[in-house]
Amino acid sequence: MVSRDIDNGDQIEIRVPCKAEYVRTVRRAVSDFAHFLDMPQSAVEEIEIAASEAVANIVRHAYTGCEKTMPVRVKCAWGRDGLTVEVIDRGRGFVPPPDG
């Protein structure tokens with residue numbers, strides 16, 4: 001669903017289950033929104049990849065066991081600074097390995 005708001009720009013938000021089969025759903029939604037905004041194809045492709053990787057990482061790492069039923073939220077907003085895509089989960093974080 002795309003909503004138009006003169007002050008905030010166009011925006012969408014979707015929620016999907018934390019399952020691998022929904023990565024494609026997010027990718028399509030973000031792509032469709034970027035196309036709706038008439039973004040260049042090269043930018044659309046980069047956005048698709050970034051959103052897909054973010055959701056795939058959540059699916060792989062953020063939840064365990066029954067927590068997989070928790071939703072992943074994706075917000076896309078068009079404003080003065082361009083397109084912002086937020087991928088939101090309530091999963092556990094991780095500590096990156098030390099350099100070296």
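Predicted model: local features only at pLDDT ≥ 70, side-chain atom pairs only at ≥ 80, totals over all residues.
User: How many residues does the largest nonpolar core have, and which have the most contacts inside it?

Analyst: In soluble globular proteins, nonpolar side chains tend to be buried together. Here the largest nonpolar core holds 24 residues, and Val26, Val30, Val55 and Val74 have the most contacts inside it.

User: Which elements give two or more residues to this core?

Analyst: Strand S1 (11-17), helix H1 (23-36), helix H2 (41-61) and strand S2 (71-79) do. H2 supplies the largest share, 7 residues.

User: What is Val74 in contact with, leaving aside its neighbours within four places in sequence?

Analyst: The contacts of Val74 include Val26, Val30 and Val55. Val74 also meets Ile12, Glu13 and Ile14, as well as Val85, Glu86 and Val87.

User: How many aromatic pairs does the structure hold?

Analyst: A pair of aromatic rings is described by the distance of the centres and the angle of the planes. The structure holds 1 such pair. Phe33 and Phe36 form it, with 6.4 Å centre to centre and 20° between the planes. The pair counts as stacked because its planes are under 30 degrees apart.

User: Where do Phe33 and Phe36 sit relative to each other in helix H1?

Analyst: They are 3 residues apart in helix H1, so about one helical turn separates them. Phe33 is buried, at 2% relative accessible area, whereas Phe36 is partly exposed, at 38%.

User: Is Ser52 buried or exposed?

Analyst: Ser52, in helix H2, has a relative accessible area of 9% and is therefore buried, the cut-off being under 20%. Not counting residues up to four places away in sequence, Ser52 touches Val23 and Arg27.

Technical notes
Residues numbered from 1 in each chain as written. Heavy atoms only, no water. Core = buried A, V, L, I, M, F, W, Y, C linked by side-chain atoms within 4.5 Å. Buried < 20%, exposed > 50% of the residue type's maximum accessible area, 1.4 Å probe, protein only. Helix = DSSP H or I, 4+ residues; strand = E, 2+ residues; numbered from the N terminus. Contact = heavy atoms within 4.5 Å. Phe/Tyr/Trp six-rings, centres within 6.5 Å; stacked < 30°, edge-to-face > 60°.
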